[in-house]
Amino acid sequence: SFESMRMPVQSAIQAGPRVWVSGVIGDTEKHRTDVTAQTRDIFARMQPTLAAAGIGFGDVIDTTVYLRDTADWPKVDAVTRDVFAKNPPARTATGARLAVEPALVEVLLLAIKSLK
């Protein structure tokens, strides 16, 4: 799994009000062939990182989605639309060879922390 790789990557980096969340994959052991479930896992895994930075999904302004198979985009898009039901962020999606097998999708986020 991704966690066992011990990659030298921070889960997020904050610079001023900007927070970049590193690429996250879903539970590939549990959902080896289910891109929808992997995508749900990704957003569930991102929640604690966002909370630690004092932000939530409503603060996300941009997402980048890497897909092993671009034909999976409609399934990933459906989950993303559920997560960002109000004020969805800008999104970029592209096909890519993912570093972790059998990951089907990887998501990165950029959020802006409110200066209230």
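Which residue in β2 is the bridge partner of Q14? The partner is V19. Please keep in mind that this is a predicted model.

That pair belongs to β1 and β2, which run antiparallel and are joined by four bridges. The two strands form a hairpin with two residues between them, and G16 there has a positive phi near 60°.

Before going further, a word on confidence. The average pLDDT for the protein is 89, and 91% of the residues reach at least 70. Residues 1–7 are another matter: pLDDT stays under 50 there, and the model has six contacts for this stretch beyond four places in sequence.

Five strands make an open sheet with mixed pairing, and their order is β1-β2-β5-β3-β4. At the edges are β1, residues 12–15, and β4, residues 90–95, each of which pairs on one side only. From one strand to the next, the twist averages 10°.

β2, residues 18–25, pairs with β5, residues 105–112, in the antiparallel sense, and six bridges connect them. Within this pairing, W20 stands opposite L110 of β5.

Next, the helices. Helix α1 covers residues 35–52 and packs on the sheet, where it touches β1, β2 and β5. The direction of α1 makes about 35° with that of β5. Helix α2, residues 73–83, lies across β3, β4 and β5. Relative to β4, α2 runs at about 155°.

What about the core? The largest nonpolar core has 22 residues. Among those with the most contacts inside it are V21, F43, M46 and V107. Two or more residues come from each of β2, α1, β3, α2 and β5. Which element gives the most to this core? That is α1, with five residues. In soluble globular proteins, nonpolar side chains tend to be buried together.

Let me finish with V21. Setting aside neighbours within four places in sequence, V21 is in contact with S11, A12, M46, T49, L50, L108 and L109. Of these, M46 and L109 are also listed with V21 among the residues with the most contacts inside the core.

That is the walk-through. I will take questions now.

Conventions: Residues are numbered from 1 along each chain as its sequence is written. This is a predicted model: local features need pLDDT of at least 70, side-chain atom pairs count only at pLDDT 80 or more; totals for chains, interfaces and linings use all residues. Side-chain values use heavy atoms; hydrogens and water are left out. pLDDT is the predictor's confidence in each residue, from 0 to 100. Contact means heavy atoms within 4.5 Å. Two strands pair if DSSP finds at least two bridges between them. Axes are lines fitted to C-alpha atoms, for helices over the stretch in contact, and angles run from 0 to 180 degrees between N-to-C directions. A nonpolar core is a set of buried Ala, Val, Leu, Ile, Met, Phe, Trp, Tyr and Cys residues joined through side-chain atoms within 4.5 Å. Buried means under 20% relative accessible area, exposed over 50%, partly exposed in between (1.4 Å probe, protein chains only).
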